[in-house]
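Hi there,

Here is the structure I promised to pass along.

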Amino acid sequence: MERLRSRVADELIRTRRRSVALTESVDDDDLTRQHSPLMSPLVWDLAHIGSQEELWLVRDVGGAEAIRPDIDDLYDAFQHPRRDRPQLPLLGPAEARSYVGTVREKVLDLLDRAPLEGRRLVEQAFAFGMIVQHEQQHDETMLATHQLRTGAPVLTAESPPAAVGDLAPEVLVPGGPFTMGTSTEPWALDNERPAHQVHVADFLIDTTPVTNGAYRRFVEGGGYDDPRWWSEAGWAYRQHAELGAPRFWRRDGDGWLRRRFGHVEPLPDEEPVLHVSFHEAEAYARWAGKRLPTEQEWEKAARHDPSTGRSLRYPWGDADPLPEHANLGQRHLRPAPAGAYPLGAAPCGARQLIGDVWEWTSSDFLPHPGFGAFPYREYSEVFFGPEHKVLRGGSFGTDAAACRGSFRNWDLPIRRQIFAGFRCARTPRPGELG
């Protein structure tokens, strides 16, 4: 039990360092400004992190008196759309920092004495793990806000590793049953549960995510101007939003530039394409003679080990991610070239299924069979339905604590500010597999 408490403390402290780095790297004006109506001011995210930590750990797990009950409504994400949050009487930068610091002091004190068994919310420190993941998810959201801000670069990171090996463009995933989801991962969130059997037919999936270079050929080949490649909803969105390329791309003579965290640089053809909506990913896949994988296909490619019949925690096995496995945790501030991380390959041979870019799937966000909302409906249940599409795998901005082979993300199919790309799949042609 003491080892678990120590791990929780380490995760809380490590996560807070990231939150501090994202909010201390800009001045107070930048913290309070809304950089896009799609995003909250950074100072709202910071105080919201503290508010959720207070609600679940200080009050619920600890049974302690409320610290700031007067701000509960201000930081309730369901009461105030992001576009409206700058008009609220939010805590200022100094007050927000003081508040989250006070909450954290009480939580670390609580961790030393809280029971970690006997109640589902605290079993195996679930509530603490949920709060770590919540903060890391908002850290990724704040990182996306940094990408939307204007001005000089304020974030730095080393370059990711290079691609390794000469890879086939696709890998085969043989049909058959596999175990999807999890009933054993201690910090898995409700939409990942429970584990259940799924049968998937033979399919081929791209070995790596689609690259900028491949997507550029779609752009330059008139893909955005040809309604044949787009769904009805996608074409309507493409026309309404006047899309002509991924977000943050711009023409430069015969080439392309992109803007990345304040840097304007030549488009790197070898990196996975980033900042594309579901509709753009779907159109590219159709143009390429393929399709997007279903969520079930993606998870089988990422987790199924045919030698044992087991579903692994991660493509490389059950061990927690290390830097050589995947591009996670904001270490590099960009995707690694397609074909990097050979030690992170799945049993089927696909690479970079974890990290680098969130990958759009063709699936609507729906509950697993036997789903039960826990500990609150608003985390997953209220989003189920055809309005949201599933993304899998995490991005370079996703922390390892908030990403695993069973982790599910979702968003509206028009979203482009998120760190999303995709890979394609296809059904084998008749006779192709012998």
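**Cysteines**

Cysteine 403 counts as buried, with 1% relative accessibility (buried means under 20% relative accessible area, exposed over 50%, partly exposed in between, with a 1.4 Å probe and protein chains only). Cysteine 424 is likewise buried, at 1% relative accessibility.

Before going on: this is a predicted model, where local features need pLDDT of at least 70 and side-chain atom pairs count only at pLDDT 80 or more, while totals for chains, interfaces and linings use all residues. Residues are numbered from 1 along each chain as its sequence is written, and side-chain values use heavy atoms, with hydrogens and water left out.

Taking a disulfide as a pair of cysteine sulfur atoms within 2.5 Å, the count is zero. For cysteine 403, the nearest cysteine sulfur belongs to cysteine 348, 16 Å away. Cysteine 424 also has the sulfur of cysteine 348 as its nearest, at 15 Å.

**Cavity**

The search of the whole structure turned up one cavity of 30 Å³ or more (a cavity is a set of points on a 1 Å grid over the protein atoms alone where a 1.4 Å probe fits but cannot get out; lining residues have an atom within 4 Å of a point). The largest cavity holds about 110 Å³ of space, volume being the space filled by probe spheres set on the points.

Its lining has 15 residues, with Gln147, Arg258, Arg259, Leu274 and His275 nearest the centre. By class, the lining of the largest cavity has eight nonpolar, three polar and four charged residues (Ala, Val, Leu, Ile, Met, Phe, Trp, Tyr, Cys and Pro count as nonpolar, Asp, Glu, Lys and Arg as charged, the others, Gly among them, as polar).

Best wishes

Technical notes:
On a 1 Å grid over the protein atoms alone, a cavity is a set of points where a 1.4 Å probe fits but cannot get out, and a pocket is an open set with protein on both sides within 12 Å along at least five of seven lines; lining residues have an atom within 4 Å of a point.
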